[in-house]
Amino acid sequence: MASLKALKGRIASVKSTQKITKAMKMVAAAKLRRAQQAAEAGRPYAQRMEQVMASLASKVTISPQSPKLLAGTGAEQTHLLVVCTSDRGLAGAFNSNIVRAARRVADDLVRQGRTVHFYLVGRKGRAVIARLYPRQIVAEHDTSGMKFAGFSDAQAIANDIVQRFHNGQFDVAHLFYAHFQSALVQEPVAQQIIPVPMPEAGPAAAPAGASAAIEYEPDEEEILAQLLPRNVAVQIFRALLENAASEQGSRMTAMDNATRNAGDMINRLSIAYNRQRQAAITTELVEIISGAEAL
Amino acid sequence: MADLHFELVTPERLVRADDVFMVVVPGTEGDFGVLAGHAPFMSTLRNGDLAIYRSGMNDTPERIPVEGGFAEVNDRGLTILAERADLPA
């Protein structure tokens, strides 16, 4: 049994830990609200973008001349996995979930004899991936400087990736991030961004009568050529926003749990402390009484 | 005449959603004005000012500088997807 003084020390230390986790939880909650607002504000654009892409893509027939971002390189040998993680830890299983999803896909691809490369956004995915695939990390994008994900950040990443694609460094790109469902639930998502996955371009995709009459300026191909790289940027931007919200949500729950655990621990330690204190008093009393009786 | 439903969206937020009389959009191949009931149309944008006429031709237009993106007109109205839009503060 630990001594009274040792127990007192433990209680004090758990209490100060609890103060920290409580503060982190509150900070995460405040940041979560802002991140969530940002994620929601970004949704209309992404939705419109999708609609426009779908209506355009149903018009353009895929031919060898069509843009590579849409049609692909014709090969599927080299895959680029863009893994978005956070820069800070202490967010529960947030980062390891994303990395695990990426790893599963990577392992599958390797088993099929494909080449896998990693493009890392954010710091926290590095350690694990560097251990498993030390030579396959082609680039990292440092996000630690930015406070809130801006569209220009997403664009910089997208430009870099599209550039690499045109240089023939990879054939297919996947994007990994955590989809924000609620403060409690964040789901790791894998999404193919290059070549652009086409929605089922059947007759059902677009009401033919209404869209057939749309006039384009400049023509469809040129608009599409402009749109495709921008679409990559929009997808990445969405991933960054969702990730930011998910990270804060995940941290908030993790820190809430930690605070509660600390509370439980303090209770248990105080009970042990009080019992011991009473035991000490009892022994002292017994000593005094038996001493008095002996006189 | 019915008003034109107009939306200006950037990746960061929905900047403006409004019913207005006319919007003049800086298209890559020239400016074009959109009134209610415009035929379905789509164009990319060059950097320039949107001019919003709130209630009629004689209004002083409200100008919003936009950068990059595209405009789409369909039966629901005009949607502008711009990369940046600077609202005068």
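**Entry 1: ground rules**

I call a residue buried under 20% relative accessible area, exposed over 50% and partly exposed in between, using a 1.4 Å probe and protein chains only. By that rule B:Glu67 is partly exposed, with a relative accessible area of 32%. The model is predicted, so I keep in mind that local features need pLDDT of at least 70 and side-chain atom pairs count only at pLDDT 80 or more, while totals for chains, interfaces and linings use all residues. Residues are numbered from 1 along each chain as its sequence is written, chains are lettered from A and ligands numbered from 1 in the order in which they are written, and side-chain values use heavy atoms, with hydrogens and water left out.

**Entry 2: B:Glu67 and its partner**

I looked up what B:Glu67 pairs with, and found a salt bridge to the side chain of B:Arg84 (3.8 Å, N to O). The term stands for a side-chain nitrogen of Lys or Arg within 4 Å of a carboxyl oxygen of Asp or Glu. B:Glu67 sits in strand β7 and B:Arg84 in strand β8 of chain B, 17 residues apart, so the pair links distant parts of the chain. Strands here are DSSP runs of E, at least two residues, and helices are runs of H or I, at least four, numbered from the N terminus. B:Arg84 is partly exposed too, at 42% relative accessibility.

**Entry 3: a buried glutamate**

Next I went along strand β7 (residues 62-74) of chain B to B:Glu72. B:Glu72 is buried but has no salt bridge, and the nearest side chain of opposite charge, B:Arg76, is 5.7 Å away. For charge, Lys and Arg count as positive, Asp and Glu as negative, and His and the chain ends are not counted. What does B:Glu72 contact, leaving aside its neighbours within four places in sequence? I noted A:Val52 from the other chain, and B:Phe41, B:Met42, B:Gly77, B:Leu78 and B:Thr79. Contact means heavy atoms within 4.5 Å.

**Entry 4: where the chains meet**

I then turned to the interface, which takes 24 residues from chain B and 25 residues from chain A. The two chains bury about 2,100 Å² between them, 60% of it on carbon and sulfur atoms. That area is the accessible area (1.4 Å probe) that two parts lose on being put together, summed over both. B:Pro11, B:Met42 and B:Glu83 supply 28% of what chain B buries against chain A, more than any other three residues.

Two salt bridges run between the chains. One joins the side chains of B:Glu7 and A:Arg48 (2.5 Å, N to O).

Because B:Glu83 lies in strand β8 of chain B and A:Arg230 in helix α7 (residues 220-294) of chain A, the pair joins two chains. Buried or exposed, I wondered, is B:Glu83? B:Glu83 is buried at a relative accessible area of 15%, and A:Arg230 is buried at 13%.

**Entry 5: along helix α7**

My last stop was A:Arg260, which forms a salt bridge with A:Asp256, the closest N and O atoms being 2.5 Å apart. The two are four residues apart in helix α7 of chain A, so about one helical turn separates them. A:Arg260 is partly exposed at 48% relative accessibility, and A:Asp256 is partly exposed at 21%.
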